[in-house]
Amino acid sequence: MDLDHDTLVAFSKSWGLFYLIALSIAVLIYTFLPSNRKRFDDAKKNILDKDDTPWRR
Amino acid sequence: MIAQLTTSERRQSAIILLVLGMAGLAMAALGRSDPLGVHGLLVILFSVGLSYFVLSSFYEPEPETDRLGLYYDDPIKVGIVLSMAWAVFGMFIGVWVAAQLAWPDLAFDAAWSSFGRLRPAHTTGVIFGFGGNALIATSFHVVQRTSRARLAGQVSPWFVLLGFNLFCVLAVTGYFMGLTQSKEYAEPEWYADLWLVIVWITYFVLYLRTLARRKEPHIYVANWYYMAFIVVVAILHIVNNVAVPVSLGHAKSYSVWAGVQDAMVQWWYGHNAVAFFLTAGFLAMLYYYLPIRAGRPIFSYRLSILSFWGITFFYMWAGSHHLHYTALPHWVQNLGMTFSVMLLVPSWASAGNALLTLNGAWHKVRDDATLRFITVAVLFYGLSTFEGSFLAIRPVNSLSHYTDWTVGHVHAGALGWVALITFGSFYTLVPTLWKRERMYSAGLVEVHFWLALAGTLVYVFAMWNSGIIQGLMWRTYTDDGTLAYSFIDSLLAMYPYYIARAFGGLLFLLGAIVACYNIWMTVRHVPLSASRRADIPITGLPAGAATPAE
């Protein structure tokens, strides 16, 4: 099969669409997965902690 | 600064500088009277100058091991100073180049000061010099604080920061000598590009290694944006700058891309430079310094994740809207147009998230000019992303393209969003970093805020007016079917707007100078804050005197 312009266009118009949809579904699942809720809440609040030294000596 | 390095780290720095100096010598020898030779000399000077710093403190006593229990803030401080110095330089060139459009005699008949050479010196000075240093400095700060880990290296942060500045200096001095690849925002020639690749990969590795040391189980979203910025800029830079030099002794090179492919690669680069250099990294600042300054967590963390992935994946496809009505295939133009319009959703999600964070803290926005910088930056972010999506629509673009409307759009983003969020972050960061209670003068922050806002508004309104007038004059036909106006007619109509634009830029520059003074006085004259005094290494107090980490 020749790898010409039309082949690439067909590929990007089909698989390009599918992988973007797959990615959006993956991101939505990651975002709304109930088990991630606590880790997101912690991340959101922890940056406001006042202490100013790293944890590792 | 050098006193904070161990003897082996000092030796390592000296060796790096020696290798750099040798590279400069090779460039000078091969390039001779070519601009490459001049740049070789410049690299040698750079390396000798820094070697002086390293060698003069080479035999000082070793630093205390305690320092590893503290954050590594020295490179951040230098980064802020460099960033502000570039801001004043870049904005001064900007005002000058804007004034040249109104009064062309201001080029003084010299080659180096002609419009075509000053203009990239302005864009490089503000985008890479000011913006780039601000991104590097704040990324070093945010990654340490949000990971609760010290930077994973003693020498590499300096290598990244100073190496990047060497790139900027090579770029700007090259323009003055007439060197350019003629690719917008990627003007520097092949040897500077190769150097930046080395610096950038070091940056990437340093960032990843610091994240790997983190204590927090989850990587805070600001770091995602910084990572996107680092990774994507590396990819863009490498692909767009693939070029073959005329010879090893010659500064000039030719791109491997040709014709419409070259144009597409350039604007894939150019638009993603806007996306990942001028947006992603600054959104990272927003997601960290806004909650810190407002004292409130971000409104919705989930929304920040969704908008991150939206911005990352949509932006990649938007570049072709720079090439409407060109030889670029129509479907590629459509693709760019569609993705540009879709981009409005994650962009406004970020802006909305930021504004909703402020809900309940509006009294702070009223009283605190620093928080107001950040807030107005968000408003301009919302405005310019809307405008960007709108301008990317092909029929709108037929009116706006090649006119000052584009210039106005870029500056609404660059002044209103990028610069304001940076100043807001710096005013938050400077007292924290130097352990001061507050900035030297809240009044001067206020003065800076109003100068910056007035400057931006004057600039943007002038360019909107002139851009739309230009666009309309260029497409007005007489009854006979000929163009009603010549190009010179439209140029004359621009005269008052060009004066207004230079004036707006001048206000903005004055604001940046006020900021420099304020930062300088904060570092020099504001007393150390009692609560922050405890963890300063130079006072010799044991680091344990600070509140324990956990």
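This is a predicted model: local features need pLDDT of at least 70, side-chain atom pairs count only at pLDDT 80 or more; totals for chains, interfaces and linings use all residues.
**H4 against H6 in chain B**

- On the H4(B) side, the residues that meet H6(B) are B:Ser139, B:Val143, B:Gln144 and B:Ser147.
- Their counterparts in H6(B) are B:Tyr207, B:Thr210 and B:Leu211.
- Sorted by class, this contact has three nonpolar and four polar residues, with no charged ones.

**A closer look at H6**

- H6(B) runs over residues 190-212, which gives it 23 residues.
- From first C-alpha to last, H6(B) reaches 33 Å, close to the 33 Å expected at 1.5 Å a residue.
- Two of the residues that meet H4(B), B:Tyr207 and B:Thr210, are also listed among the buried residues of H6(B).

**B:Gly131, a buried glycine in H4**

- B:Gly131 is found in helix H4 of chain B.
- Is B:Gly131 buried or exposed? It counts as buried, because B:Gly131 has 23 C-beta neighbours inside 10 Å and the threshold is 20 or more.
- Setting aside neighbours within four places in sequence, B:Gly131 is in contact with B:Val126, B:Phe277, B:Leu278 and B:Val418.
- B:Pro496 sits 365 residues from B:Gly131 along the chain, and the C-alpha atoms of the two are separated by 30 Å.

**H7 and its packing on H8**

- The 20 residues of H7(B) should span 28 Å at 1.5 Å a residue, and the end C-alpha atoms are 28 Å apart, which agrees.
- The axes of H7(B) (residues 221-240) and H8(B) come within 8 Å and cross at roughly 160°.
- That angle is over 145 degrees, so H7(B) is roughly antiparallel to H8(B).
- The crossing of H7(B) and H8(B) is left-handed.
- By class, the contact of H7(B) with H8(B) has 20 nonpolar and four polar residues, and no charged residues.
- H7(B) has buried residues that include B:Val221, B:Ala222, B:Asn223, B:Tyr225, B:Tyr226 and B:Met227.
- Further along H7(B), the buried residues include B:Ala228, B:Phe229, B:Ile230, B:Val233, B:Leu236 and B:Asn240.
- What covers these buried residues of H7(B) includes H4, H6, H8 and H9 of chain B.

**H16 against H17**

- The axes of H16(B) (residues 442-474) and H17(B) (residues 487-525) come within 8 Å, crossing at roughly 160°.
- H16(B) is therefore roughly antiparallel to H17(B).
- H16(B) passes H17(B) in a left-handed crossing.
- By class, this contact has 23 nonpolar, eleven polar and two charged residues.

**The side of chain B that touches chain A**

- In chain B, 31 residues are in contact with 22 residues of chain A.
- H4 (115-147), H8 (259-294) and H9 (301-315) of chain B each supply at least two residues of the side that touches chain A.
- Which helix gives the most to that side of chain B? H9(B) does, with six residues.
- By class, the side of chain B that touches chain A has 18 nonpolar, five polar and eight charged residues.

- As background, most residues other than glycine have a negative phi.
- B:Ser182 has a phi near 60°, a positive value in a residue other than glycine.
- B:Ser182 lies in the loop between H5 (156-176) and H6 of chain B, and counts as exposed because it has 9 C-beta neighbours inside 10 Å.
- B:Tyr402 has a phi near 70°, again a positive value in a residue other than glycine.
- The loop that holds B:Tyr402 is the one between H14 (394-400) and H15 (404-433) of chain B.
- With 11 C-beta neighbours inside 10 Å, B:Tyr402 counts as exposed.

Key: Residues are numbered from 1 along each chain as its sequence is written. Chains are lettered from A and ligands numbered from 1 in the order in which they are written. Helices (H or I, at least four residues) and strands (E, at least two) are DSSP runs, numbered from the N terminus. The expected span of a helix is 1.5 Å times one less than its number of residues. A residue is buried if 20 or more other C-beta atoms lie within 10 Å of its own, exposed if 12 or fewer, and partly exposed in between; C-beta atoms are placed from the backbone. Two residues are in contact if their C-beta atoms, placed from the backbone, lie within 7 Å. Ala, Val, Leu, Ile, Met, Phe, Trp, Tyr, Cys and Pro count as nonpolar, Asp, Glu, Lys and Arg as charged, and the others, Gly among them, as polar. Axes are lines fitted to C-alpha atoms, for helices over the stretch in contact, and angles run from 0 to 180 degrees between N-to-C directions. Angles under 35 degrees count as roughly parallel, over 145 as roughly antiparallel, 65 to 115 as roughly perpendicular and the rest as oblique. A crossing is left-handed if the near helix is turned anticlockwise from the far one by less than a right angle, and right-handed if clockwise.
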